[in-house]
Amino acid sequence: RWRPRCNPKRTAMTTAIVIVFLIVYLGMILGGLPFLQLDRTGVALLGAIALVGIGAATPDEAVRSLHLPTLILLFAFMVLSAQLRLGGFYAWVTLKLAALSLTPPLLLGALIGAVAALSAVFSNDIVCLAVAPVLIDACRRRGLDPMPYLLALACAANVGSAATLIGNPQNMLIGATLRLSFGGYVAEAIGPVLLGLLATWGIIVWQTRGRWTDSLDAAGAVSARRADDLPAFDSWQTAKGLTVAAALLGVFLFTAWPREAAALVGAGVLLSSRKLHSRRMLGLVDWELLVLFVGLFVVNHALQHTGLVAEAVAGLAVVGAPLDQPGPLFVAAVLLSNLVSNVPAVMLLLPAATHPLAGPILALASTLAGNLLLVGSIANLIVADAAERRGLRLDWRRHASVGVPVTLATLAMSALYFGWRLARP
């Protein structure tokens, strides 16, 4: 009886691809590799280089594996956020919020609402980077403990960014890959997001329970404060950035113009400035994140071409966990997002995202899961770093005291919502 013989060369190449993939995703879990000065971006880039070097992908194949619409959209909105940051918009909003004559709980609610709205349109990471230091200083001037407000900033930025397909990198990837309707996604996500923001406010208020004043005298001694460190508010540059943002939202909602093309035109308009040098704006673009995407695109593409991903998905379906169904996809997104970070997790799960609700499920689950642990989201780490620079310690225990209940509450609300959606005739 004839049996097909395996191809030793192909088997060896598949083995090499799997080894590279496992090393890269180990780096995603650890944040780097032991004994090497590499972060996640460096690990992903090294993995892509290794695959090209061993012949698993030619340079042309590596380029073709990149999802250009996602990369273009990411770049364009980084330029937009840079425009508003250099125009002093984020600092101005934070100072205006801090100056409101509200009680501490109401001020917390105003902060959560503003941060969520900004993060839904602009990068949540950039919002946290620009707002955190100003927020700490503003809280200290009012005699308030900055910690509840910093935790609210991190959680609200993550939850708010889930409201749209441009709020964070993984949502951009999901929207561009699955060609989701911008307005249709917002209609699905807005309910769970609003309930999640309300839950975030309630949890932090309940945990703080009247302990709003700043008792950290030593931290309060850290300079009172650096107004000269803040970018001066420029009404023209801010108006220019907000006008482009509003125009892009209109295009996304009401036209069929490809989102990446419209966003790139918007970035070009902003780069054409008589006052802000392009070097300053491009200097604020997160090139490392773009390189991380490039590396992961190449690595995941090579693994998918081995056929092992399809076999794994089929095997999970046999044992009762079909990833193409809403429930298992939701659970897998939550678990993988906390294991390897949300962007790599989404890249792994996208091939199984075939259900009509797969896009919203993947976007909400992967984004909301980022609040669970301090390392679950870059926004969390940015806030923790800003706190450390100003004499505050936001470690993983302090973050988990809020992040864990917020994550459980927001994920439960999302699961209930999708359960209701699936039960509708």
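**Exercise 1.** Find which helices cover the buried residues of α6.

*Solution.* Start with α6 itself, residues 104-121; helices here are DSSP runs (H or I, at least four residues), numbered from the N terminus. This is a predicted model, in which local features need pLDDT of at least 70 and side-chain atom pairs count only at pLDDT 80 or more, while totals for chains, interfaces and linings use all residues. Residues are numbered from 1 along each chain as its sequence is written, and side-chain values use heavy atoms, with hydrogens and water left out.

Next, list the buried residues (under 20% relative accessible area, 1.4 Å probe, protein chains only). Among them are Leu107, Leu108, Leu111, Ile112 and Val115. An α-helix has 3.6 residues a turn, so residues three or four places apart point the same way.

Last, look for contacts (heavy atoms within 4.5 Å). The cover includes α4 (68-86), α5 (89-98), α7 (124-141), α8 (146-161), α10 (182-208) and α12 (235-254).

**Exercise 2.** Compare the reach of α15 with its expected span.

*Solution.* The expected span is 1.5 Å times one less than the number of residues. Helix α15 (287-305) has 19 residues, for which 27 Å is expected. From first C-alpha to last, α15 reaches 27 Å, close to that value. After α15 comes Gly307, with a positive phi near 85°.

**Exercise 3.** Decide whether Ser377 is buried or exposed, and name what it touches.

*Solution.* Locate Ser377 in the loop between α19 (358-368) and α20 (378-389). Its relative accessible area is 7%, so Ser377 is buried. Leaving out residues up to four places away in sequence, Ser377 touches Asn158 and Gly370.

Key
Helix = DSSP H or I, 4+ residues; strand = E, 2+ residues; numbered from the N terminus. Buried < 20%, exposed > 50% of the residue type's maximum accessible area, 1.4 Å probe, protein only.
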